[in-house]
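Please open the model in a viewer and keep the selection tool at hand.

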Amino acid sequence: MKILAIALLRRPRAFVKSRGLLQIGLAVAIALGLAACGKGEGTPPAASKSGPDASARKFEVPSVQKQFLTIETVGISEAVDVLALPGRVTFRPQAQSAVGATVAGRVVALLVRAGEVIKAGAPLLTIESADAAAARATLDVAATRLATAESIFRRQLEMIEKGVGLEVERQEAEARLKEARTEHERARQAVALIGAEPGSRVTVRAPSDGVVTSIRVSPGATVAPGGEALLELGDPAQLQVVAQVPEGELRRIAIGQQAEVELPAIAARVAAKVDSYNPRVEPESRRAQVYLEIAQRIEGLRAGMLAQVALRVGAAEGISVPVSAVLIKDGKRRVVYVERPDGAFEARDVQVGRNREGRVVILQGLTAGERVVVRGALLLDNQAEQLL
């Protein structure tokens, strides 16, 4: 190549006469020169070649390229395994009350509003009921019969004491008294269920403290015992978080596990722990419900709010690296680039576990003390993908 160039420079006339030949010669010289330069550079081989030793081949990296790499020494650290679960805030079962009709009748007054805070025994609504009027009248009749039976029984006792009464009459008076007492007690209990107000009006009252969460009836509606709930109450001081756990993760759930609950609606985080869980899996979603107890009450927390649950299901010592250190090869291999003691690099196949907060657990393929490229690994292998 050099001889051809010198010959062309020493024969300018020939160059002028054979201009086409010179152009061809220069083109060949440039091509051969570029090929020679390419052989002298330390370009790393493609790590995507298949074969048993493809991931263990070492190669040199020019210092100009190496300055763009970030290398870290891996070590043993405690890796906390966390499940990210969707959830929502609900009332605890004992904090909810469904209020229904105590008698058949017609609603004539609604005495509360949705969201109103009430105390136990507070009036909720009024029902006009013929059954209530009949029950109260029955109680009055039973009370009269009881008073008469008691009077007759006392008179029979007095007569027996004076020696003018008959024992059979005393026994009959005693039997009628017992019957009257039973009838009166039955009527009293029936009236106790509907309230002691006179007439045909019945006031339905709150069974416990709480907040009116929903009202499902309006004045004029006809109601009856055993039907749908007319109102629902809930105690805002007794809230819980219900998380949805995939069926494949249920074996890792245990009562007492710690969790962190994020509440986007009120921009708050709160500690919680697993209180109980439902062993039944929903057939549509293939998930089961886990109930978490909130560590402290939060201002503004309401039933129905969405929550994000980070549940800690275990902790173990292991090796973890930034997710940017792991490349994907051929759609299935996970590869990291390890710096050798002589400064060269080699591609190493690894088995990865869960990733969280920008780091991924390495289950197999690395040992503590090795130096790994944690940033810039794509510069070493432009045929890989970084999808973790």
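Predicted model: local features only at pLDDT ≥ 70, side-chain atom pairs only at ≥ 80, totals over all residues.

The stops below cover a pair of helices, a pocket and a salt bridge.

**First stop: two helices**

Two packed helices are described by the angle between their axes and the distance between the axes. Select residues 130-162, which form helix α5, together with residues 167-194, which form helix α6. Their axes approach to within 7 Å and cross at roughly 155°. Because angles over 145 degrees count as roughly antiparallel, α5 and α6 are described as roughly antiparallel to each other. The crossing of α5 past α6 is left-handed. Colouring the contact between α5 and α6 by residue class shows 17 nonpolar, three polar and 11 charged residues.

**Second stop: the largest pocket**

Next, select Pro236, Leu239, Arg297, Leu301 and Arg302; of the 22 residues that line the largest pocket, these lie nearest its centre. The volume of this pocket is about 510 Å³. Which of the elements gives the most to the lining of the largest pocket? That element is β9, with three residues. By class, the lining comprises 12 nonpolar, five polar and five charged residues.

Side chains of opposite charge can pair when their charged atoms come close. The whole structure contains 20 salt bridges. To view one of them, select Arg92 and Asp275, whose closest N and O atoms are 3.2 Å apart. Arg92 belongs to the loop between β3 (76-91) and β4 (96-99), and Asp275 to strand β14 (residues 268-277), so this pair ties together parts that are 183 residues apart in sequence.

How values were computed: Residues numbered from 1 in each chain as written. Heavy atoms only, no water. Axes fitted to C-alpha atoms, helices over the stretch in contact; angles between N-to-C directions. Helix = DSSP H or I, 4+ residues; strand = E, 2+ residues; numbered from the N terminus. Parallel < 35°, antiparallel > 145°, perpendicular 65-115°, else oblique. Left-handed = near helix turned anticlockwise from the far one by under 90°. Nonpolar A, V, L, I, M, F, W, Y, C, P; charged D, E, K, R; others polar. 1 Å grid on protein atoms, 1.4 Å probe; cavity = no way out; pocket = protein on both sides within 12 Å on 5 of 7 lines; lining within 4 Å. Points joined across faces, edges and corners; volume = space filled by probe spheres on them. Salt bridge = Lys/Arg side-chain N within 4 Å of Asp/Glu carboxyl O.
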